[in-house]
Amino acid sequence: MANAAEERNIWRLLQAVTDPEIPVLSITDLGIVREVKFLPDTGEAVLTLTPTYSGCPAMEAIRLDIRLKLLEHGYPNVTIHEVLSPAWTTDWMSEEGKRKLHAYGIAPPNPRQQFCNLKEFFEEEGVACPRCGSYDTKLVSRFGSTACKALYQCRQCGEAFDYFKCH
């Protein structure tokens with residue numbers, strides 16, 4: 001029982017650790033925390049994370065922020081494992097996280113992957129503007145401020161915005 005309570009507490013603490021590239025999202029909103037275990041014999045918190053991209057530059061900062069947050073709350077012994085399989089997908093993002101992205105001005109990932117073959121990959125994905133809601137948008141760059149985002153512009157309101165790409 002103590003394990004379950006400690007694990008719930010660690011999950012709660014991780015909700016306050018934000019993505020350094022998109023600070024409106026917690027790492028639990030992103031869905032990169034795959035597992036939390038607490039080993040009472042050693043007092044060790046063991047976490048399993050899956051980065052949004054292999055080689056994601058934010059992972060080093062995220063690991064440090066996790067360690068600091070858990071240390072601050074009495075968990076000095078932390079082990080963090082990174083796993084790349086299965087690969088992270090936007091399906092793992094919480095609905096709350098998607099709402100936070102939208103409110104922050106980043107279009108959240110579409111409900112389903114729109115590109116299923118190589119021919120479709122070179123077509124523009126229909127993305128709603130997070131400011132005015134119009135789908136009359138155009139792709140400006142396949143890569144936005146980070147590799148996980150694309151840059152779009154709305155033809156209705158004229159605003160440029162990031163789109164958190166499906167993957």
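Predicted model: local features only at pLDDT ≥ 70, side-chain atom pairs only at ≥ 80, totals over all residues.
Residues are numbered from 1 along each chain as its sequence is written, and side-chain values use heavy atoms, with hydrogens and water left out.

Colleague: In which order do the strands of the open sheet stand?

Modeller: Strands here are DSSP runs of E with at least two residues, helices runs of H or I with at least four, both numbered from the N terminus. Two strands pair if DSSP finds at least two bridges between them. The pairing in this sheet of three strands is mixed, and the order is S1-S2-S3.

Colleague: Why is one side of S1 and of S3 left without a neighbour in the sheet?

Modeller: Strand S1 (33-39) and strand S3 (77-82) each have a single partner strand. One side of each therefore lacks a neighbour, because both stand at the edges.

Colleague: Which residue in S2 stands opposite Lys-37?

Modeller: S1 and strand S2 (residues 44-49) run antiparallel and are joined by six bridges. Opposite Lys-37 stands Val-46.

Colleague: How many of the five residues of strand S6 are buried?

Modeller: Buried means under 20% relative accessible area, exposed over 50%, and partly exposed in between (1.4 Å probe, protein chains only). Strand S6 (residues 160-164) is largely enclosed by the rest of the structure, because its buried residues number four.

Colleague: Which residue in S6 stands opposite Tyr-152?

Modeller: Strand S5 (residues 149-154) pairs with S6 in the antiparallel sense over five bridges. Opposite Tyr-152 stands Phe-161.
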